[in-house]
Amino acid sequence: MTSTLTMSTALAAEHRARLMRLAREVSFEAGTRLFEEGRRADRFWIVRTGTVALDLHVPGRRAAVVETLGRGELVGWSWHFAPYQWQLGAEAMSPVRAYEFDAGAVRALCEEHPEFGRAIALWVGHVLAHRLHAARTRLLDLYAPYGSGGQP
Amino acid sequence: MSSSPATAVLDRNGLDALVEALRAEGRTVVGPTVRDGAVVLDELTAAGQLPFGWGSEVEAGRYRLVPRADGAAFAHTAGPQSWKAFLHPQREKLWSADRAADGRVSFAAERPVRPSYAFLGVRPCDLRAIAVQDNVLTGGYYRDDGYRRRREGAFLIAAECTEPGATCFCVSMGSGPAAEAGFDLALTEIVDDAGHRFLVRVGSAAGEAVLSRVPRRVADEETASTARNAVDAARERMGRSMPPVDLRTLLGGTLEADRWDDVAARCLTCGNCTMVCPTCFCTTTEDVSDLTGDHAERWQRWDSCFDLDFSYLHGGPVRASARSRYRQWLTHKLSTWYDQFGSSGCVGCGRCITWCPVGIDITEEAAALHDELADRLRRQDAEETQR
Amino acid sequence: MTGVPVPYRVTRVREETADTVSLTLAPAGPAGLARFWPGQFAMVYAFGVGEIPVSVSRIHRHQLVHTVRSVGAVSAALCALRPGDRVGLRGPFGTGWELVRAAGQGLAAGQDLLVVAGGIGLAPLRPVVLAALAEPRRYGRLNLLVGARTADDLVYADQIRAWSTVHGPLHCAVTVDRPTPAWRGHVGVVTTLLNSAAFDPRHTTACVCGPEVMIRATARDLLHRGLPAHRIRVSLERNVRCATGHCGHCQLGGVLLCRDGPVVGWDRACSLTSVREL
């Protein structure tokens, strides 16, 4: 199963190989917090198996899950843009195996190799565009009784 | 006008006898007659009720009766009605349902007495329109039983067209002015020094049987050729024409044209065009129940794609703008009708032009779409060559 | 024949969600309607109120299940029915999913099957899942991907739970737009579930039903992954009144949806759903 959003198809072989040289195989127990809102975004992950939930802290409530990410998906993009600070929190919903990347090292590599940097930026941009579209679609509340009609 | 082996000539007395013969068979004879300042279709008890001595002057958004010195009966153009008012009536009961005290429900189909119509004076364009509706309502997997029964019992007497109006364009649509097929009898009216008479051609065994009971004489060559010439001359005197292009492709490729905004600014979305169109077949249903709540009926009535409710989906209408509703009407008539039923839905009768309160002209709209498309293609070509 | 309803008796009413019920209907007299195929619909008449098109959500011999959401006068009347009440039924109408033809044509090995449902759109797709599970050997890998508003809005929740937990031939995944505190599953649009589904895009038939926006998004994604357009089967919705192709209401361009649909290939549906107010 492929999609242009997954790193393996979004990046050309040469860029992929360069990125994967920085990959570290990690695994998380269900319930592990990967990162917290407001903290420094110094890493990112690509999910191999399992599901990661992105959440927002709401006072008086359990963390509200806004989206879940599964196989092949990029977890975290704040590492790519200053001020490199997480906008959301992330938690493993199930046992998760993933590739982990050091954000500083990847950014440095991007600086060093503009072609590679451009490819990474395009990939992250593409993922962002897709998630923005999905979020907008969900704003329409399409499954509500009149969701497909546009009113009332 | 195609030649037919069995041709005869009727005079005015012969026409009287024809109506009498049809009525003697138990048929309800329906034909054009003058009422309320227009030629309307109604039951005729005698041929004398035909609009002898009346013609019509039409233009976009305009219709006037004008007296004719020659006394011709079939020299008028299409009036506001068409034969669909009889074959596919405005309102029709489909079935009734009853609920018993124990809650059981039963349904009964409406089976009215099969009418036996004789339509006298069907224009070739309207003959084509009947064939188009036959195909829509009885040509598919499911048949409209009510229509089928009325249609099977109908006897059609065509009247070839020798006096086309200013809004007529049947030649463009290939449906007139000659009657080619689909009739039981076809008349061609001639008024000249040799008298007022009707050339009759036979189109079916039923037509032949009726004709045999009517005083007539064998057609002479002069009457036959006069009739042929009159119809041929009518071919050259069409008031309007469609652009000579493949209309199906044109309308299929101009869904996003600017012209739709132009016509939408004029269109009142009144639906007159759909009511007078002899092929428009759309209907809706009404469910009614009596005061006990235990007897309910389903009625069918004409509907129009210009009505907002027509495209209603829970939440709202799909075609909310006037632009989209006019576009639906015109593209359906000239293009998607082919996809759905294998032919054009337009027969060139010109009624929609005549009876549009703001004079929107289907031929002018088609031509404007063609011009816009041609213009767009020219500009695209120019850009291509520049590159 | 198909113009006059046939009386059916409500034998069972099951509340699926707060506004949706499934009615099991059996012929009230000796004769019922002809056999329905998955994806086809019936015109269901609520006595004295009116008639609406409803797809079959289960076909069990002479019994039919219709899942109805209360959104208008007729559907509200149908949702208020109790066992023993009577309705009128006309049908079967429409093209159906044509699974056998779509999946069996020229491919001995059978196609992977991808069923993608949004909201109440799962109703016409349930017979597809049941038919595939009844004869899994006919197909390759089976996938059911469901998007719902919340977990409480999910129809056939028990059945989905059973399909999700048993490691049978069916890969079943659900995602919601708005997670309730108790929800531990996926959150996001239904297309995000495609990454974890098991199918070979070159040998897959997809059946998609839901709001039109969801259908378009799903079809675009599948095209991008390499499914041929004609193997993406979508079920569209328009105003169906007569269901016999005579009333003109369900026109969508050159398509009469009651006759040529509701299920059409994306090769046809793409242009039809891309023109506004068509």
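In this predicted model, 26 residues of chain A are in contact with 32 residues of chain C, where contact means heavy atoms within 4.5 Å. Local features need pLDDT of at least 70 and side-chain atom pairs count only at pLDDT 80 or more, whereas totals for chains, interfaces and linings use all residues. Residues are numbered from 1 along each chain as its sequence is written, chains are lettered from A in the order in which they are written, and side-chain values use heavy atoms, with hydrogens and water left out.

**Chain A against chain C**

Together chain A and chain C bury about 2600 Å², with 53% of this area on carbon and sulfur atoms; buried area is the accessible area (1.4 Å probe) that two parts lose on being put together, summed over both. The rule finds 3 salt bridges across this interface, a salt bridge being a side-chain nitrogen of Lys or Arg within 4 Å of a carboxyl oxygen of Asp or Glu. One of them joins Arg138(A) to Asp177(C) at 3.8 Å, N to O. On the chain A side, β5 (64–69) and α4 (114–139) each supply at least two of the residues that touch chain C, helices (H or I, at least four residues) and strands (E, at least two) being DSSP runs numbered from the N terminus.

An unreviewed UniProt entry annotates residues 7–76 of chain A as "domain: Cyclic nucleotide-binding"; such positions are given in the numbering used here, feature names are shortened, and annotations may be inferred rather than shown by experiment. The end C-alpha atoms of residues 7–76 of chain A lie 13 Å apart, and the span is 17% helix and 40% strand.

**Chain B against chain C**

The contact between these chains takes 48 residues from chain B and 40 residues from chain C, and about 3500 Å² is buried between them, 54% of it on carbon and sulfur atoms. Phe107(B), Tyr142(B) and Gln340(B) supply 20% of the area that chain B buries against chain C, more than any other three residues. The rule finds 1 salt bridge here, in which the side chains of Arg298(B) and Glu51(C) meet at 2.7 Å, N to O. Among the elements giving two or more residues to the chain B side are β14 (295–302) and α11 (322–341), and α11(B) gives the most, with 8 residues.

**The two domains of chain C**

The domain assignment divides chain C into domain 1 (6–93) and domain 2 (99–272), with bounds that come from an automatic or database assignment. Their C-alpha centres lie 22 Å apart, and 21 residues of domain 1 are in contact with 22 residues of domain 2. Between these domains about 1600 Å² is buried, of which carbon and sulfur atoms give 61%. The side chains of Asp158(C) and Arg14(C) meet in a salt bridge of 3.6 Å, N to O. Strands contributing two or more residues to the domain 1 side include β1 (6–17) and β4 (50–60) of chain C, and the largest share, 7 residues, comes from β4(C).

**Polar contacts**

A polar contact is a pair of N or O atoms within 3.5 Å; within protein, one must be able to donate a hydrogen and the other to accept it, and residues adjacent in sequence count only if both atoms are side-chain atoms.

| Interface | Residue pairs in polar contact (both at pLDDT 80 or more) |
|---|---|
| Chain A and chain C | 4 residue pairs |
| Chain B and chain C | 23 residue pairs |
| Domain 1 and domain 2 of chain C | 6 residue pairs |
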